[in-house]
Amino acid sequence: MGKLKVYADRMSQPSRAILIFCRVNGIDFEEIKVDISKGHHLTPDFTEVNPLQKVPAIVHGNLKLSERYPTELSRRAKINSVMDWHHSNLRNGAVNYVIHTTLAPALGRQLNPKAATEAEKVLLSSLKALEDFWLNGDDGGFLCDNTQPSVADLSMVCELMQLEVLDERDRSRILSPYKKVLQWIENTRTATNPHFEEVHNILYRVKKKFEQQRARTAETGTDPSNKMGGPSKM
């Protein structure tokens, strides 16, 4: 069957989650970089891998990612449930908030305060649900009362890590009221290091770039956002 191949762009939150998941579980795999900013996901070669033209994508015979879920039926059902909730709620709010407050200029788009406000409502509602429901169990440290992170934890923590590119005051305003969420993020980071930090290095570099950009704006009173150059991976 050959080595498992994971097609990923590390600026993609789901890509980071799968890369960390594979490394933590000792899965031997080859990472194949797909640069979304350069349209690699739209090429005929990648379309053969994933006709939906999305990352991450996995190729390894008939292997399915779901085979790495816990074997207990009830626990698998819980993880499937939280993953379904994530894509309609937390991911929707976090992605749109970050784009409309921060990343839009780097994507050749205008910032949209109205869309940001709507996205923030979804994001804050999702964080409250995380705090009060999904993390309100027997305190196993992770989602679904698990004592170790599952693919659901990785998917959602990687989503929230995208908030690193925000202004620090804004990020703190959003996350600081949710103590269980903050502890859960740290639990997941600790349990999956050093892989977690290594996979997120690209995000930390982008964070630093935005910090420098904000510092220049404060010093000069001008907005350098349209001087970042070229399409962005973000």
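Ser-126 is located in helix H5, which spans residues 113-134 (helices are DSSP runs of H or I of at least four residues, strands runs of E of at least two, both numbered from the N terminus). The model is predicted, with local features requiring pLDDT of at least 70 and side-chain atom pairs counted only at pLDDT 80 or more, whereas totals for chains, interfaces and linings use all residues. Residues are numbered from 1 along each chain as its sequence is written, and side-chain values use heavy atoms, without hydrogens and water.

Ser-126 has a relative accessible area of 2% and is therefore buried (under 20% relative accessible area; 1.4 Å probe, protein chains only). Residues up to four places away in sequence aside, Ser-126 is in contact with Trp-85, Asn-89 and Leu-90 (contact: heavy atoms within 4.5 Å).

The protein comprises 10 helices and three strands, in the order β-α-β-α-β-α-α-α-α-α-α-α-α from the N terminus. Of its 234 residues, 42% are buried. Contacts between residues at least 6 apart in sequence join residues at least 24 apart in 69% of cases.

Beyond its neighbours within four places in sequence, Val-181 contacts Leu-127, Leu-130, Glu-131, Leu-135 and Leu-160.

Technical notes:
Buried means under 20% relative accessible area, exposed over 50%, partly exposed in between (1.4 Å probe, protein chains only).
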